[in-house]
Amino acid sequence: MGSETWPLGPSIVVFAASALLVAFVGVRMSKVADLLADRIGLGEALFGGVFLGASTSLSGIVTSVTAAASNHPELAYSNAVGGIAAQTFFLAVADVAHRRINLEHAAASFENLIYGSLLVALLAIPLFTAVTPEFTIWSVSPAAPLMILVYLYGLHLVRLGHEKPMWRPTRTRETEPDVPQEEDGTGPSTRSLWGRFAIFAACTAAAGWAIARAGTSITAATGLSESVVGALFTAVATSLPELITTVAAVRLGAPTLAVGGIIGGNAFDTLFLAVSDVAYREGSLFHAVPQDGFFLVTLAILETNVLVLGLLSREKRGLANIGFESVSLVVLYLGGMALLFFMGMGRG
């Protein structure tokens with residue numbers, strides 16, 4: 001992200017303007033993603049996890065790779081994993097927006113459960129690598145290509161789960177299954193939809209880069225650790241597209257797309273660490289982070305497990321019409337961020 005920072009005033013203006021652009025583009029990206037999921041037959045969970053999740057993550061991966069290449073592995077690591085924790089928390093926000101029934105009840109699907117298990121496995125690899133002796137080939141840890149292979153195999157399982165599911169959630173009146181919408185033939189062509197999706201994704205990446213740069217400039221003088229800055233500021237800033245698209249998808253009546261976009265997008269976001277390890281030339285990125293990084297990974301694993309439990313238990317109504325998992329996500333994330341902040345202040 002460079003050694004130069006922007007003045008405070010322009011940074012705030014850029015941050016606010018970019019956030020507005022993300023909000024504007026995010027709603028439209030959700031509509032296009034829902035149409036494309038139906039057109040190409042991938043299903044909302046798979047499409048949400050791969051295309052929607054990856055496109056809204058462009059700003060985050062640029063931030064992590066740039067930080068790693070600039071010899072800031074702690075910032076790269078915390079931006080990636082902190083974003084996963086924040087985005088899982090966003091599902092609690094979306095649950096409030098989905099007023100009919102608990103979001104996890106409506107969005108239960110075999111594909112999203114596979115995504116959850118895949119995400120836990122991918123998050124476990126950095127933890128396992130960190131407690132083993134450091135070993136690299138051309139300064140790249142074997143964990144980086146392993147994470148990519150595990151992710152690709154997980155996508156294969158999600159695809160099989162969509163085409164030939166061996167398990168199905170019980171249908172209830174509140175279940176909102178992934179059923180392609182019928183079209184009257186007057187809508188835009190598939191090529192046009194792909195073009196719009198690409199343009200929206202590019203706008204999201206550009207706006208996300210500006211948010212990350214402005215956010216870094218705003219917090220440059222705080223004296224906090226890179227883990228705190230990465231998890232509390234750049235991660236949340238670059239995750240704004242996920243918040244907007246998730247709430248928009250819920251409002252559009254596509255809860256499976258919303259949950260798939262978050263949990264599948266989180267699985268994709270773990271690859272930030274793999275790519276950042278390649279960009280980091282001082283050795284293994286997985287061994288170059290302090291304890292705060294492992295704290296964030298553990299928090300992300302806990303949140304993911306709570307989400308999967310919610311998809312399995314499918315509570316209809318809980319506190320204020322949101323399920324136990326959403327309440328738990330709020331407590332875990334806000335409590336975890338508060339603890340991380342005070343840990344960073346203690347070392348500042």
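Analyst: We can go from the whole chain to single residues.

User: What is the mean pLDDT of the protein chain?

Analyst: This is a predicted model. The mean pLDDT of the protein chain is 81, and 80% of its residues reach 70 or more.

User: Where is confidence lowest, and where is it highest?

Analyst: Lowest in helix α5 (residues 103-106), with a mean of 64. Helix α12 (residues 271-279) has the highest, at 95.

User: How many helices and strands are there?

Analyst: The protein chain has 14 helices and zero strands.

User: And how much of the chain is buried?

Analyst: Of its 348 residues, 54% count as buried. The chain exposes about 14500 Å², and carbon and sulfur atoms supply 67% of that area.

User: Which residues of α7 are buried?

Analyst: Ala143, Ala144, Met147, Tyr151, Gly154, Leu155, Val158 and Gly161. They cover an arc of only 120° around the axis, so they sit on the same side of α7.

User: What about the other side of α7?

Analyst: Leu149 and Tyr153 are exposed there.

User: How many residues of α11 are buried?

Analyst: In α11, 15 of the 15 residues are buried, so this helix is largely enclosed by the rest of the structure. Helix α11 (residues 255-269) reaches 20 Å from its first C-alpha to its last, close to the 21 Å expected at 1.5 Å a residue.

User: How many residues are in the largest nonpolar core?

Analyst: It has 75 residues. Those with the most contacts inside it are Tyr77, Val81, Leu123, Met147, Tyr151, Leu273 and Met337.

User: Which helix gives the most to this core?

Analyst: Helix α4 (residues 73-97), with 12 residues. Apart from this core lies another, of five residues, among them Ala207, Ile211, Ala237 and Leu240.

User: Back to Met147. What is Met147 in contact with?

Analyst: Leaving aside neighbours within four places in sequence, Met147 is in contact with Leu122, Ile125, Pro126, Thr270, Leu271, Ala274 and Phe286. Met147 is also among the buried residues of α7.

User: Now some serines. Is Ser55 buried or exposed?

Analyst: Ser55 has a relative accessible area of 5%, so it counts as buried; the cut-off for buried is under 20%. Ser55 is in helix α2 (residues 44-55).

User: What does Ser55 touch?

Analyst: Not counting residues up to four places away in sequence, Ser55 touches Met29, Phe197, Ala201 and Thr204. Ser55 and Gly265 are 210 residues apart in sequence, yet 8.9 Å apart in space, C-alpha to C-alpha.

User: And what about Ser18? Which residues does Ser18 touch?

Analyst: Ser18 touches Ala207, Ala210 and Ile211, again without residues up to four places away in sequence. Ser18 is found in helix α1 (residues 8-40). Its relative accessibility is 8%, so Ser18 counts as buried.

User: Where does Ser192 lie?

Analyst: In helix α8 (residues 190-218). Ser192 is partly exposed, at a relative accessible area of 28%. Ser192 and Val32 are 160 residues apart in sequence and 9.9 Å apart in space, C-alpha to C-alpha.

User: Change of topic: what is the phi of Asn71?

Analyst: Asn71 has a positive phi of about 65°, although it is not a glycine. Most residues other than glycine have a negative phi.

User: Where is Asn71 found?

Analyst: In the loop between α3 (58-69) and α4. Asn71 counts as partly exposed, at 43% relative accessibility.

User: What is the phi of Trp138 near?

Analyst: Phi of Trp138 is near 55°, a positive value in a residue other than glycine. Trp138 is in the loop between α6 (110-130) and α7.

User: Is Trp138 buried or exposed?

Analyst: Trp138 counts as exposed, because its relative accessibility is 76% and the cut-off for exposed is over 50%.

How values were computed:
Residues numbered from 1 in each chain as written. Predicted model: local features only at pLDDT ≥ 70, side-chain atom pairs only at ≥ 80, totals over all residues. Heavy atoms only, no water. Helix = DSSP H or I, 4+ residues; strand = E, 2+ residues; numbered from the N terminus. Buried < 20%, exposed > 50% of the residue type's maximum accessible area, 1.4 Å probe, protein only. Contact = heavy atoms within 4.5 Å. pLDDT = per-residue confidence, 0-100. Areas by Shrake-Rupley, 256 points an atom, 1.4 Å probe, with all protein chains shown as cover. Arc of directions from axis to C-beta. Expected span 1.5 Å × (residues − 1). Core = buried A, V, L, I, M, F, W, Y, C linked by side-chain atoms within 4.5 Å.
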